[in-house]
Amino acid sequence: MGRKKLNILMVTSELVPYAKAGGLADMVAALSAELSRLGHDVRVVVPRYYGIYTGGYERMREPLGVPVGFGEKWCSVYETRQNEEDGGARVYFLEHEGLFGRDGIYGYQDAQAFHDNMARFTLLSRGAFQLCKALEWTPHVMHAHDWPVALVPVYLRTWEKVGVFAETGSVLTIHNLGYQGIFPKDEIHLTQLSWQEFHGAGFEHHDELNLLKGGITSADILTTVSPTYAGEIQTSTDGEGLEGLLQSRESDLYGVLNGMDYREWSPRTDKHIPKPFSTDDISGKAEAKTALQRELGLEVRPEVPVIGIVSRLVEQKGFGALCGPTFGSLYQICNDLAVQVAILGTGERWCEDELRSLASKLPNLAVQVRFDNRLAHLIEAGSDFFLMPSAYEPCGLNQMYSMSYGTLPIVRRTGGLADTVDQYEQTTGQGTGFLFDDLTPGAIFDVVGWAVWTWYNRPEHIQMMRKTAMEKRFSWKDAAQRYVELYETAIEKRRNATTK
Ligand code: ADP
């Protein structure tokens with residue numbers, strides 16, 4: 001059945017390979033590519049930060065005037081396309097020296113946000129509409145990602161309610177509810193929305209302006225990046241104060257599991273590992289393990305299981321229970337179990353310091369505090385288990401990568417981890433990993449102990465799970481098709497609303 005070809009505009013603050021702070025950048029690039037491959041006209045708009053080199057890109061003849069605050073900001077627009085093999089979606093960069101002309105997406109350092117983020121992302125959100133008008137191209141649907149562009153669905157209901165966008169549907173994807181874009185209330189003047197519209201859009205939150213809350217109130221369709229996370233954010237435990245609002249929008253809220261990029265993360269083609277491997281010939285995995293042990297200064301012992309971690313070193317990823325200074329299970333894991341642990345990450349200072357300190361005391365713990373894509377690949381390939389004790393995980397990529405390399409994930413049963421990892425069945429050897437529930441040092445020690453026990457006592461089960469894990473597929477094609485259905489629902493909703 002041939003579907004109608006849709007005009008889809010992605011509005012985003014991050015996009016691989018141009019600007020990335022997290023998984024959002026990968027998701028928007030991969031989804032845009034897949035939707036283009038399905039034949040839709042996909043266009044992406046993103047700021048031109050300093051790190052993005054626009055030499056060779058086409059520049060729009062006329063500058064773009066974008067209403068922000070009491071006047072207009074003038075942007076240059078550069079255009080390029082994703083690779084043809086990636087579907088060839090058009091990518092537009094909005095350039096504005098005063099607001100985007102600096103390094104950093106949200107701030108100079110991870111922890112320090114730019115003081116003018118409200119103006120910066122108002123420019124991006126409003127600029128998306130001005131761009132479409134300049135191109136004389138009307139999207140059937142606008143797909144906004146996270147708080148920076150949560151104004152997009154609000155503008156569709158206010159400034160752009162009549163005119164060319166009258167029938168444009170909106171989808172807002174929540175990649176991480178932990179970040180909501182909170183600003184002083186009076187910064188609403190930057191959006192040119194009235195106080196009445198401010199209240200109507202539901203921006204008010206504890207006497208502040210909450211951008212994501214406004215987007216959640218206004219979007220036709222809401223999505224998260226896994227089904228379990230869509231349910232969790234409606235509870236007081238994981239709702240970050242917005243659970244009531246999310247419950248009220250339950251019938252419009254969907255979880256669509258992200259796919260993963262098998263061109264980048266496959267043991268058959270990986271250029272960062274000593275020898276390719278697959279389920280037919282897995283010998284390359286042992287070579288990757290030896291290379292990893294050697295590189296990290298761990299004893300080269302094939303019989304000892306290696307547990308890998310590649311992560312941002314922050315509370316969200318469970319590092320409090322893993323290596324909090326006064327408790328934490330990592331010391332006990334390394335001291336009491338016959339394992340080796342390899343950790344790569346950067347993040348909060350306390351965590352980096354604690355891990356370095358533990359590594360200096362424990363010969364079977366190796367810690368590398370840096371960002372290193374090559375080593376990330378070697379850890380995924382060379383480890384036997386991959387540990388992710390996340391407090392919450394909207395989707396998570398590393399557990400999918402590790403399964404692709406036959407490295408069995410040990411994960412907390414939350415969000416996308418619960419949706420992608422199947423629990424080990426001790427009687428049959430079925431499953432793809434080991435799940436646990438409580439985020440406590442004791443529970444982490446127990447689940448790691450269980451995996452290590454299985455390694456030494458049920459090697460045939462480990463082989464079986466490895467094969468099952470390597471054969472699993474998390475396809476972008478399925479996800480993209482699901483998004484197309486949701487786009488059609490959003491368009492339908494908008495059409496019904498305008499004809500009422
Ligand atoms: P999140 O987006 O919450 O950080 P994900 O698991 O969804 O977590 O994605 C993290 C991505 O960043 C993965 O591709 C992972 O390999 C990569 N990554 C994280 N830290 C590092 C690091 N120190 N070096 C290399 N890659 C890293």
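**Helix packing, pocket and cavity**

In H1, the residues Met27, Ala30, Leu31, Glu34 and Leu35 meet Trp476, Lys477, Ala480, Tyr483, Val484 and Tyr487 of H18. Contact here means heavy atoms within 4.5 Å. The model is predicted: local features need pLDDT of at least 70, side-chain atom pairs count only at pLDDT 80 or more, and totals for chains, interfaces and linings use all residues. Residues are numbered from 1 along each chain as its sequence is written, and side-chain values use heavy atoms, with hydrogens and water left out.

H1 and H18 (residues 476-499) pack at about 80°, and their axes lie 9 Å apart. H1 is therefore roughly perpendicular to H18. Helices (H or I, at least four residues) and strands (E, at least two) are DSSP runs, numbered from the N terminus. Axes are lines fitted to C-alpha atoms, for helices over the stretch in contact, and angles run from 0 to 180 degrees between N-to-C directions. Angles under 35 degrees count as roughly parallel, over 145 as roughly antiparallel, 65 to 115 as roughly perpendicular and the rest as oblique. By class, the H1 contact with H18 has 9 nonpolar, no polar and 2 charged residues. Ala, Val, Leu, Ile, Met, Phe, Trp, Tyr, Cys and Pro count as nonpolar; Asp, Glu, Lys and Arg are charged; the others, Gly among them, are polar.

Helices H16 (residues 441-457) and H17 (residues 459-471) pack at about 110°. Their axes are 5 Å apart. H16 and H17 are therefore roughly perpendicular to each other. Thr454, Trp455, Tyr456 and Asn457 of H16 make the contact with Pro459, Ile462 and Arg466 of H17. This contact of H16 with H17 comprises 4 nonpolar, 2 polar and 1 charged residues.

The axes of H9 (residues 283-295) and H13 (residues 373-382) come within 8 Å and cross at roughly 125°. H9 is therefore oblique to H13. H9 passes H13 in a left-handed crossing; a crossing is left-handed if the near helix is turned anticlockwise from the far one by less than a right angle, and right-handed if clockwise. On H9, the contact is made by Lys285, Ala288, Lys289, Ala291, Leu292 and Glu295. On H13, the contact is made by Arg374, Leu375, Leu378, Ile379, Glu380, Ala381 and Gly382. The residues of this contact of H9 with H13 divide into 7 nonpolar, 1 polar and 5 charged.

H9 also gives the most to the lining of the second largest pocket, with 6 residues. On a 1 Å grid over the protein atoms alone, a pocket is an open set with protein on both sides within 12 Å along at least five of seven lines; a cavity is a set of points where a 1.4 Å probe fits but cannot get out; lining residues have an atom within 4 Å of a point. The second largest pocket holds about 160 Å³ of space. Grid points are joined across faces, edges and corners, and a volume is the space filled by probe spheres set on the points. Lining this pocket are Ile282, Ser283, Lys285, Ala286, Lys289, Thr290, Gln293, Pro302, Asp384, Trp455 and Arg466. The lining divides into 4 nonpolar, 3 polar and 4 charged residues.

The structure holds 1 cavity of 30 Å³ or more. The largest cavity has a volume of about 30 Å³. Arg48, Tyr50, Glu95, His96, Glu97, Phe100 and Gly101 line the largest cavity.

Two backbone features complete the account. The peptide bond from Val16 to Pro17 is cis, with omega near 10°. Pro17 is found in the loop between S1 (7-11) and H1 (23-37). Asp146 has a positive phi of about 65°, although it is not a glycine.
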